[in-house]
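The entries follow in the order I made them.

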Amino acid sequence: MWDYIKLALLAVIVIFAAIAANYARDLAYQVHAILILAVAGGMFLWQLRRIDEPKPVIDQSSYMDGVIRYGVVATAFWGVVGFLVGVVIAFQLAFPVLNLEWAQPYANFGRLRPLHTSAVIFAFGGNALIACSFYIVQRTSAARLWGGNLAWFVFWGYNLFIVLAATGYLLGATQSKEYAEPEWYVDLWLTIVWVAYLAVFLGTIIKRKEPHIYVANWFLLSFIVTVAMLHVVNNLSIPVSIWGSRSVQVFAGVQDAMTQWWYGHNAVGFFLTAGFLGMMYYFVPKQAGKPVYSYKLSIIHFWALIFLYIWAGPHHLHYTALPDWASTLGMVFSVILWMPSWGGMINGLMTLSGAWDKLRTDPIIRMMVISIGFYGMSTFEGPMMSIKAVNSLSHYTDWTIGHVHSGALGWNGMITFGCLYFLVPRLWNRASLYSLPAVNWHFWLATIGIVLYAASMWVTGIMEGLMWREVDANGFLVNSFADTVQAKFPMYVVRGLGGVLYLTGAIIMCWNLWMTVRAAPERAVSNAIPAE
């Protein structure tokens with residue numbers, strides 16, 4: 001019966017997508033309608049061919065690792081895509097001639113920039129979070145993923161969202177909200193997928209065999225629930241037409257700005273911090289072969305972080321139309337946030353107590369440790385930049401870009417690389433990685449790339465802020481905007497070279513993981529769920 005319901009639902013989607021493609025009011029909507037038509041049509045035919053086939057018998061006594069393998073592959077793929085686009089736009093800023101005339105408007109900086117941020121944050125980071133959370137929740141709960149094939153729906157549905165968002169940016173469909181650019185129908189689809197993700201994760205925890213909920217699952221669950229709330233509220237909009245991509249935001253003016261940066265900062269706080277801390281609290285102890293340094297501190301870290309982070313967004317709106325008390329509130333909570341953030345950093349680093357010698361021999365643990373170091377640095381720099389006196393210099397400058405990338409490349413990128421190196425041999429039953437020296441090369445290329453990137457942006461950002469506020473004896477500005485652009489050129493080149501090094505390291509990782517699957521010696525690994 002359920003098979004026929006699925007066929008009917010797919011048929012309705014195919015018909016609606018065909019009508020939408022015909023009546024589309026803009027190119028992006030038409031392309032997306034055709035894409036959905038192709039996907040739904042292919043699934044309809046696939047489902048139709050399987051309608052009378054006997055259902056495969058699924059071994060319920062083993063973990064569901066197939067979807068995690070796909071997630072690992074998607075993470076590596078989208079990582080290289082995101083880093084590559086980042087390198088392109090970095091050099092476009094240094095050499096504007098690279099905004100090639102023949103590729104306009106699809107490959108100009110304005111359209112590639114949101115493609116880069118979404119590819120790195122949501123495609124690379126999102127797939128890493130989904131794959132790692134599915135791995136962690138099964139192992140710490142001693143239970144197979146809840147919902148049968150619902151986990152596969154989450155994976156494919158999420159990556160369909162990525163494709164719709166990315167093609168929409170290139171075709172000019174955007175609602176122009178930082179980290180929330182996809183238009184209304186793409187947002188609706190993500191909401192459906194995210195609810196399914198919550199159901200799979202929470203259902204697995206509920207049916208767990210382990211009486212205790214490990215702290216990594218606390219962080220991961222808070223990330224899933226909070227991102228859902230942020231996404232829904234920030235993307236409240238009214239479509240101009242059901243046959244077009246354009247929409248009108250429900251909020252306007254300063255209320256829209258406040259809602260956007262409540263969302264924007266907490267996307268950093270929960271998507272890029274809480275979720276990845278869940279990865280840290282599982283994979284660092286596993287790779288080090290040591291328990292978490294202080295489980296009590298991890299619980300304090302969790303509750304302090306999730307309570308404080310949600311209030312910090314207004315510090316993005318200093319010296320704007322936002323009431324002064326609101327931005328001051330955001331600043332105060334941001335400064336207080338420094339303490340629980342460093343509590344988590346200290347807990348992660350001290351987990352290596354008695355195992356520091358592994359830093360000399362294990363490049364994977366070295367990668368994880370430096371990611372925790374960058375987490376600590378970013379969570380000091382962020383509160384400092386939220387202070388009004390500092391923000392008056394740093395805001396709207398490249399210092400902010402350097403801060404974001406030291407966190408994203410150093411913290412999120414490096415911990416993800418370490419997790420991928422941990423997962424691949426275990427998911428594909430290999431004795432070890434194909435090449436540890438290649439991991440070492442990746443570590444140093446990525447680290448040097450981050451240092452070049454962040455240092456160049458710190459220098460150019462502070463210089464930029466000082467040039468903007470320099471006045472002569474009569475109180476007139478000394479430097480024009482063009483003067484600051486010209487002065488920044490050398491640092492922009494250095495930034496681009498740092499990106500090239502980071503991208504090269506990621507390509508080496510992909511080669512190493514591919515060779516691990518193909519050529520590394522096999523090892524018998526039990527995939528069975530422990531008996532009660």
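Predicted model: local features only at pLDDT ≥ 70, side-chain atom pairs only at ≥ 80, totals over all residues.

Entry on ring pairs. I counted pairs of aromatic rings and the total came to 45. One of them joins Phe95 and Phe489, with 5.4 Å from centre to centre and 85 degrees between the planes, an edge-to-face pair. I then looked up where the two residues lie. Phe95 is in the loop between helix H3 (66-94) and helix H4 (109-141), while Phe489 is in helix H17 (residues 489-519), so this pair ties together parts 394 residues apart in sequence.

Next I looked up Phe155 and Trp156. Their ring centres are 4.9 Å apart and their planes meet at 75 degrees; the angle is over 60, so I wrote edge-to-face. Phe155 has 5% relative accessibility, which is under 20%, so Phe155 is buried. Trp156 has 48% and is partly exposed.

Entry on a cluster. I followed ring pairs and found that they link Phe122, Phe134, Tyr158, Phe161, Trp194, Tyr197, Phe223 and Phe271.

Entry on charges over rings. I found the charged end of Arg366 over the ring of Phe443, at 5.4 Å from the ring centre. The charged end of Arg495 sits over the ring of Tyr492, and here I noted 4.7 Å from the centre.

Conventions
Residues numbered from 1 in each chain as written. Heavy atoms only, no water. Phe/Tyr/Trp six-rings, centres within 6.5 Å; stacked < 30°, edge-to-face > 60°. Helix = DSSP H or I, 4+ residues; strand = E, 2+ residues; numbered from the N terminus. Buried < 20%, exposed > 50% of the residue type's maximum accessible area, 1.4 Å probe, protein only. Lys NZ or Arg CZ within 6 Å of the ring centre and 35° of its normal.
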